[in-house]
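Subject: Handover of a structure, with notes on what was found

Dear colleague,

Please find below the structure that I am handing over to you. My notes on it follow directly after.

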Amino acid sequence: MDAMNWPLLSLIVWMPILTGLVLIFLPEDRAGLGKFLAALVSIVALAISVLMLTGFDGSTAALQFQEKTVWIEAFNIHYHLGVDGLSLPLIVLTALTTVLVVISGWSISDRVSQYMAAFLILSGLMTGMFAALDAMLFYVFFEAMLVPMFLIIGIWGGPNRIFATIKFFLFTFFGSVFMLVALIWLYLQSGSFAIADLHSLPLSMSAQVWIFLAFLIAFAVKVPMWPVHTWLPDAHVEAPTGGSVVLAAVMLKIGGYGLVRFSLPIAPDASGALDWLMIGLSLVAIVYIGLVALAQSDMKRLIAYSSIAHMGFVTLGLFLTFAILRNTGDVDGAVLGVTGAMVQMISHGFISGAMFLSVGVLYDRVHSREISAYGGVANTMPWFAMFAVFFFMANSGLPGTSGFVGEFMVILAAFKANFWFAFFAALTLILGASYSLWLVKRVFFGEVANDSVGQLSDLTAREWTVLTVLALLTLALGVWPQPLIELMEPSVANLVDHITTTKIN
Amino acid sequence: MSFSELQFALPEIFIAGMACVLLVADLFVKEGRRGLTHTLALVILAFAAIITMRLMMPAGESVMAFSDTFIRDRFGDVLKLFSYLVLAAVFVYSKHFLRSANLFRGEFYSLSLFALLGVMVMISSASMLTVYLGLELLALSTYTLVAIDRESPSGAEAAMKYFILGSLASGILLFGMSLVYGATGTLALVEISNALASGASDDLLLSFGLAFMVVGIAFKLGAVPFHMWLPDVYQGAPAAVTLLISSLPKLGYLALAIRLLQDGMGGMHADWQAMLAVLAALSLILGNVVAIAQSNIKRMLAYSTISHIGFILLGFLAASPAGYAAAMFYTIAYSITSAGAFAMVILLSRNGIEAENLDDFKGLAKRSPWFALMMLMIMFSLAGIPVFVGFFAKWQVIAAAIQAGFTGLSVLAVITAVIGAFYYLRIVKLMYFDEPERSESVAAPVDFRAVLSINGLAMIGLGIFSSGLIGLCISAFV
């Protein structure tokens, strides 16, 4: 097909950004046009990303849809985009999330066009980051993303939004500057910012450890891993619904993606040597943060902690590789862990996004996020309750939903590494079910708690659409994850192969 | 000296002559027609730019003139062009303010042109004598400009401080130069460099001389611990003058540092590297931390300047062409950004009363969305967030410092950059997240708006298309 030769990646990066820049200047009384344009552009971007999915050759780990031109000649920096099985699913997830956020943002009343603009620009930047094959280009997208998110939380957020957004900005900025120093150091060694060149650059163990730690600070803040997670609950609670959805569904994945794209392949020996640290932090996130989630009285805060715990599976799955290979030499087991981590990222994108949208549905009506402000919502909003219960069940890892697949794969891989890893990881099945179902019980079931719950009206058509799409995807990925796994398999195998080869010369 | 050598100094001669013409012409301009002086000043800058561009030196070539006291090279030509550009922007930004503050007089323009001449002489100096000549011409012009508002006690106080500390700095620099002269027996920078290479001169004397010269340069730049004058002068001077002294002289001081430290004392780079490393570290820490505590926007930007001086010094640490190119890129980017930031301060001032408090920025996004966006880009650029130009400046100097082996200092630099981001974000927060205290939108003439818009958009334009400016800076040090 001819269309496949077009610069599709550039299109889905720049079309939303440029549209967003135009929308910023749309006057308030043309808000309708702004919403329409935003919806149109985000749907077109989704269509293009799906088109790329169909044209993608899933049988190889090679980078596809590549575009390359010189950007900054003096420093050998290129505008180089391309996708493989690891990044393409995340790009589709980004495009999908943007569509859902734009649709669910229809009810925003303050500075509507600018709201849409911020999300479009954010989506373009995130896509660019996933597609970047030049480390400096990656860094530029990675950092530039902070600007729209800072404004989204700060302008449209809750009462304590200023504290939350500045904390968010400074935490993530603090993390990423170390990555910048590491990238510059790598450039001075290799003379190139191309990620592929950095992958093949031989490095001594001590250099690798420093590089690994510098990257880790950047990505651990983003994932976020315990103990640098504290910005996330604040940001989630104060962000508008759309902001929370993007934050949970896409932004957290950037940390995981960064580990896959940078930390593991650039510093494989250090990753192997420090895997105890990563596994330890992941297990703390899964168990301790799971317990913290139990104690929350604010729904968004609870989901935020649940996100941290679930992202613990991503980091666990990625770093189990080394333990598995050391113990059993079972490459398939290692691939299973990494694949599980990647599936978990996509699945968490659907489920956490859906949960935040569900809370948004309630918040729009009652203007409270406190669990205690609700009770018996199922009586007045039966359809909504059906969706919400489904998503919270999926969050607790119900078989048949996507939440089960990734976690199951990671736990299975963990058994090959160490029984106790698997044991602690499996505790999430209990913890996740506890906080998810307990929330469901307190909010949805029982008698109607108060008048404001009694007067609730059920889902609007717009909310129906959004939740249905996510529910179907969660189910589809849960029942039939094979296409996604096959798409990622060659890239994951290539990654595992690469990281098990020493780079020390 | 042969007569034909004058052609090499044509831009300087042109500016010197025209500044005098302007001074005289202004006497015949009626009070109500002062705009003519303004237009004439802009025309002078335009012609100077044309002359400089026609005589532009190719990369890697240079000529010496006037018994080796004057040099023309690509570095100088590029820097001069940006000096004209920055000064032209300053003129456009100042006009409105000067008029409303009742300071719209011809002296402002002629003094600014003399300051420009000082900068140009410094840029093209090949001898310590020429360096000092340019430095003093710039300094005396700016002392006077700070005191241009005769009725303002704070302006007079600032001018006095500036004068005393500036003279002290000049004296220290001069003392250092005299020691170096004593050790090498020459004022010409190239011969000093040769003398150092031959190793025949007295090391102790040279080290003392170098130390005094570095202190003098640090004073002029405002590097910690020689920064005390900077916040007071920035705050006390009228906004239009602060705008000028925050942008144009920086280009001259960059040249001052490169001419003296590289062209002259390059052989002792190991000694001055260590000194600059300390100055850079202190400037980065103190500038960024103290800026947080400021509630006056001019003071805040003054401390921000100090921190940026720290970054510029990082570029020098490499003592390599790449490092100087990075420092040059940084300085040019910073001058343009700083001009934009102070232009915003002028924009918000009303009837000659300056918008000094950070709170004046409250709710600007509602009052004037376009200029709030410009300020947002300027702030994010100063904070070093991609894709704005400040980021590309920062990573280049950091790369230079890492290449020179100052990895620890680079890490310190990026950490202080995160601290610095806080106070830049606070401006964005005031503009976008807070409610306005006044409802009227800001008023400014159309030329002001146009230039400020270009200035703001340059933050993102020079960022995305930074390749050209980077190439230009690198070509200056081939």
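Predicted model: local features only at pLDDT ≥ 70, side-chain atom pairs only at ≥ 80, totals over all residues.

**Helix packing in chain A**

Helix α14 (residues 299-327) of chain A packs against helix α19 (residues 419-444) of chain A at an angle of about 165°, and their axes are 11 Å apart. Because angles over 145 degrees count as roughly antiparallel, α14(A) is roughly antiparallel to α19(A). The crossing of α14(A) past α19(A) is left-handed. On the α14(A) side, the contact is made by A:Met299, A:Leu302, A:Ser306, A:Ala309 and A:Leu316. On the α19(A) side, A:Ala425, A:Thr428, A:Tyr435 and A:Leu439 take part. Sorted by class, this contact has 7 nonpolar residues, 2 polar residues and no charged ones.

Helix α14 of chain A also contains A:Ile303. This residue counts as buried, because A:Ile303 has 30 C-beta neighbours inside 10 Å and the threshold is 20 or more. Which residues is A:Ile303 in contact with, leaving aside its neighbours within four places in sequence? They are A:Ser352, A:Met355, A:Phe356 and A:Val359. For A:Met355, which is 52 residues from A:Ile303 along the chain, the C-alpha atoms of the two are separated by 7.4 Å.

**Helix packing in chain B**

In chain B, α12(B) and α17(B) pack at an angle of about 160°, with 12 Å between their axes. These two helices, α12(B) and α17(B), are therefore roughly antiparallel to each other. The crossing in which α12(B) passes α17(B) is left-handed. From α12(B), the contact involves B:Met300, B:Ser307, B:Phe311 and B:Leu314. From α17(B), it involves B:Ala413, B:Thr416, B:Gly420 and B:Tyr423. The classes represented in this contact of α12(B) with α17(B) are 5 nonpolar, 3 polar and no charged residues.

**Contact between the chains**

Across the two chains, 25 residues of chain B are in contact with 25 residues of chain A. On the side of chain B that touches chain A, the elements giving two or more residues are α16, α17 (407-433) and α19 (466-475) of chain B. Which element gives the most to that side of chain B? It is α17(B), with 11 residues. The residues on the side of chain B that touches chain A divide into 19 nonpolar, 5 polar and 1 charged.

**Backbone features to inspect**

Most residues other than glycine have a negative phi, and most peptide bonds are trans. The following places depart from that pattern and may interest you.

- The peptide bond from A:Trp226 to A:Pro227 is cis, with omega near 5°. A:Pro227 is placed in the loop between α9 (205-222) and α10 (231-238) of chain A.
- A cis peptide bond also runs from B:Pro386 to B:Val387, with omega near 10°. The loop between α15 (369-383) and α16 (389-403) of chain B holds B:Val387.
- A:Arg111, a residue other than glycine, has a positive phi near 45°. It is found in the loop between α3 (88-104) and α4 (112-131) of chain A. With 21 C-beta neighbours inside 10 Å, A:Arg111 counts as buried.
- B:Ala319, likewise a residue other than glycine, has a positive phi near 50°. Its place is in the loop between α12 (297-317) and α13 (321-348) of chain B. B:Ala319 counts as partly exposed, with 18 C-beta neighbours inside 10 Å.

With kind regards

Notes:
Residues numbered from 1 in each chain as written. Chains lettered and ligands numbered in written order. Axes fitted to C-alpha atoms, helices over the stretch in contact; angles between N-to-C directions. Helix = DSSP H or I, 4+ residues; strand = E, 2+ residues; numbered from the N terminus. Parallel < 35°, antiparallel > 145°, perpendicular 65-115°, else oblique. Left-handed = near helix turned anticlockwise from the far one by under 90°. Contact = placed C-beta atoms within 7 Å. Nonpolar A, V, L, I, M, F, W, Y, C, P; charged D, E, K, R; others polar. Buried ≥ 20, exposed ≤ 12 C-beta atoms within 10 Å, placed from the backbone.
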